[in-house]
Structure formats: C-alpha cells, structure tokens
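Colleague: I am new to this one and would like to understand the words used for it. Could you show it to me and take my questions one at a time?

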Amino acid sequence: MDNNPYYGAERPARMTVSSAPGKVYLFGEHAVVYGEPAIPCAIERRATVGVEPREDGHVRVEANDLTLDGFAVEYRGSTSERPDVDVSSELVDAAMGYIDAAVTQARAAADAPKSGFDISIQSDIPLGAGLGSSAAVVVAIIDAATRALDSPIDKREVADRAYHAEFEVQEGQASRADTFCSTMGGAVRVEGEDCRTIETPRLPIVVGFDGGAGDTGALVSGVRSLKSEYGFAADTVESIGDIVRHGETLLADADPTGAPPTELLAELGELMNFNHGLLSALGVSSRSLDTMVWAAREAEAHGAKLTGAGGGGCIVALDPTPETRTALRFTPGCEDAFRAELSMEGVCVEEP
Ligand code: MEV
C-alpha cells in the first residue's frame with residue numbers, strides 16, 4: 001500500500017504492521033448511540049500502525065502524521081500512569097487515551113498483561129474531524145499488537161475490543177458503528193449490538209474539511225441532555241432512525257455493481273439533507289460545517305451533511321461531477337476537499 005510507511009524502507013525486524021480505514025456516515029451518527037440504526041462507509045484514508053514488542057513492559061508511541069506536529073511519548077506498563085507527554089494539546093491527550101485503551105485490549109486478548117510495545121502511527125485521517133481517526137488507530141493497534149504477540153484474533157473480536165476501548169475513553173458514550181466499520185471495511189449497518197456489512201453501489205462521495213475538530217464526548221453528552229430534557233429532541237433522534245431505515249431500503253434495492261442511477265442519488269441526497277437538518281437541530285453542527293453543506297448544495301450536490309460527531313471537522317456530499325469539490329475548495333473556511341472512494345478493505349496486515 002502507498003501509505004505503508006515501511007514499504008520499501010527499513011522496517012525493524014520484528015515489527016508487525018496493520019492498517020485500518022477511516023469512514024464517513026451516510027446516515028445515523030448520534031442517533032446510533034441510543035439504539036437507532038446507522039450506516040457508515042469506510043473510505044480510502046487509513047491509519048497505519050507498526051508494533052514491536054518490548055522486553056521492559058514500557059510503551060513508546062511515535063506519531064508523525066496525525067495532522068499534528070509529530071510527537072513521541074514513552075510510558076510504563078501500567079495504564080493508570082499518565083504518559084509523560086511533552087506536547088501540550090487536547091488532541092494529543094485524546095489520542096493518547098485511545099492508544100492506551102487499545103494497548104489494554106491487546107494485552108488482555110493475548111493474555112499478556114505486562115507486555116510492552118514500540119508503536120509507530122502514520123495516518124492520513126485528520127484527528128477528531130468525523131472521519132473515524134480514533135477508531136482506525138484503535139483497530140489497527142489491536143490487530144497489530146495481538147499479531148506481534150503471536151495471538152492474532154479474528155475481525156469480530158478486533159471490532160468488539162476496539163468498541164470497548166472507545167467506550168471506555170468516551171465514558172460509556174460510544175456506539176459500535178465507527179469501530180465495526182473500520183474493522184470490516186465497505187458499508188455497514190449498526191443497530192445496537194447488531195452489526196453487519198451491507199452492499200452499496202459505488203457512491204460518489206466528496207468530503208469537505210474545515211481544518212477543525214469536535215469533542216466527541218462533549219457533543220454526545222449535549223445530545224443526551226437535550227434528549228432527556230425535551231420530548232421533541234427524543235423524537236428528533238427517532239426521526240434520524242426513520243431516515244436511516246428509509247435509506248437502507250433504497251440501498252438494498254439498488255444494483256451494487258456499477259454507477260448508481262441519478263434518481264437513487266437524488267433520493268439518498270434528500271435524506272442526507274434531512275439528516276443534516278436534524279443533527280443541526282440537536283446542536284452538533286457549526287457555522288463552518290453549515291457553510292460547507294450549503295456550498296455543496298449550491299454546487300448541485302445531490303445532498304450534503306456533517307459526518308461524525310460534528311462541532312467542526314468534515315461534511316460528506318454526493319456528487320459524481322467535479323463541481324462540489326471545486327466549490328468547496330473556494331469556500332471560505334474549507335481547508336481541504338477531496339473525493340473519497342469506498343474502501344472495501346477493513347483492517348489488514350501490511351506486508352513489507
Ligand atoms: C462519532 O464518530 C459518531 C457518534 O455517533 C458517536 C458514536 O457512535 O460512538 C457521534
């Protein structure tokens with residue numbers, strides 16, 4: 001793979017490398033936390049993780065491209081100790097929390113509670129931007145670390161352990177959607193514990209990124225409080241579930257081979273617009289996300305919505321033409337816009 005940092009380069013002798021994709025939500029983020037269905041799709045942006053066991057039980061992490069300046073931290077085996085992070089950044093702290101939780105899961109899976117690791121992370125998924133960076137890193141670490149300890153686990157277990165890692169870091173406010181999607185690849189449908197892969201036609205996905213990030217825990221808590229305070233907020237969450245149920249029937253009836261017909265894109269787009277409106281009503285959009293959504297619609301995208309937790313980060317639009325990407329690139333507040341291919345490959349080992 002192009003983004004394997006060790007491809008054709010020096011790779012430490014015992015290093016195991018795994019990669020996992022990021023994702024966009026076609027429909028259903030936030031509502032999925034409360035048992036409604038959601039449909040995320042894996043995209044061709046990956047986190048690649050190299051893991052090498054260490055004898056001394058310490059964990060050393062090097063991350064060079066998490067859209068942050070590079071950082072390296074080293075800490076001892078006990079997960080109750082704070083790592084000695086010398087870069088002050090909430091995002092680095094958040095990333096370390098996910099890495100720590102993934103290491104705990106890998107140790108438990110391999111029944112090797114004292115094992116140490118050198119971990120290096122390369123990722124072209126921006127942190128906290130709604131593209132599933134933390135899920136991809138957690139999934140890839142669990143896969144690589146269990147293989148490095150000669151205790152590989154199957155994908156269902158990787159997904160399950162990755163979910164528990166996210167659940168712990170997000171203080172019980174996580175669904176299985178991000179981690180299952182990153183593990184399996186392709187499009188998936190998640191409703192509570194029921195996680196399955198589904199077939200979709202090749203959707204013309206365009207992503208706009210405002211350069212920012214949202215705090216998933218705080219955003220999920222905000223929706224939770226609105227939902228418990230107001231019946232109409234609870235109804236809004238249920239309506240998002242209705243949109244997903246409608247969207248999935250459209251996808252199930254579509255021919256998964258070949259380009260999707262315009263009528264299908266128009267109907268999916270309409271549902272995405274509706275979904276964005278309801279997320280906005282739940283308070284998880286932002287000025288820059290709304291601006292990008294409107295730029296995409298004005299460029300005649302079939303539909304556009306924020307993706308992931310919101311608060312800042314990315315939008316997803318459907319447009320088979322280059323118009324939306326071009327419009328987004330000229331939209332104030334949009335830092336990057338790109339076409340995102342569906343990634344059929346979930347977590348996988350990267351051969352040297
Ligand atoms: C975050 O990518 C998606 C949320 O639905 C949270 C979750 O499902 O864990 C907001």
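Predicted model: local features only at pLDDT ≥ 70, side-chain atom pairs only at ≥ 80, totals over all residues.

Colleague: Why is H2 called oblique to H4?

Modeller: Helix H2 (residues 133-148) and helix H4 (residues 177-184) pack at an angle of about 55°. Angles under 35 degrees count as roughly parallel and 65 to 115 as roughly perpendicular, so H2 is oblique to H4. Their axes are 9 Å apart, and the crossing is right-handed.

Colleague: Which residues of H2 and H4 meet?

Modeller: On the H2 side they are Ala-135, Ala-136 and Val-139, and these meet Asp-178, Thr-179, Ser-182 and Thr-183 in H4. Sorted by class, the contact has three nonpolar, three polar and one charged residues.

Colleague: Now the charged pairs. How many salt bridges does the structure hold?

Modeller: There are 14 salt bridges.

Colleague: What makes Arg-245 and Glu-36 a salt bridge?

Modeller: The N to O distance between their side chains is 3.1 Å, and the cut-off is within 4 Å, so the pair qualifies as a salt bridge. This pair links distant parts of the chain, 209 residues apart. Arg-245 lies in helix H6 (residues 231-253), while Glu-36 sits in the loop between strand E1 (16-27) and strand E2 (39-54).

Colleague: How do you know whether Glu-36 is buried or exposed?

Modeller: Its relative accessible area is 11%, and buried means under 20%, so Glu-36 is buried.

Colleague: Why is Arg-245 called partly exposed?

Modeller: Arg-245 has 31% relative accessibility.

Colleague: With which residues does Arg-189 form salt bridges?

Modeller: One partner is Glu-191, with the closest N and O atoms 2.8 Å apart. Another is Glu-248, where the closest N and O atoms are 2.6 Å apart. Arg-189 in strand E6 (residues 187-191) and Glu-248 in helix H6 are 59 residues apart, so that pair links distant parts of the chain.

Colleague: What makes Arg-189 buried and Glu-191 partly exposed?

Modeller: Arg-189 has a relative accessible area of 10%, under the 20% limit, so Arg-189 is buried. Glu-191, at 27%, falls between the 20% and 50% limits, so Glu-191 is partly exposed.

Colleague: And which residues do salt bridges that share partners join into one network?

Modeller: Glu-36, Asp-242 and Arg-245 are joined that way.

Methods:
Residues numbered from 1 in each chain as written. Heavy atoms only, no water. Axes fitted to C-alpha atoms, helices over the stretch in contact; angles between N-to-C directions. Helix = DSSP H or I, 4+ residues; strand = E, 2+ residues; numbered from the N terminus. Parallel < 35°, antiparallel > 145°, perpendicular 65-115°, else oblique. Left-handed = near helix turned anticlockwise from the far one by under 90°. Contact = heavy atoms within 4.5 Å. Nonpolar A, V, L, I, M, F, W, Y, C, P; charged D, E, K, R; others polar. Buried < 20%, exposed > 50% of the residue type's maximum accessible area, 1.4 Å probe, protein only.
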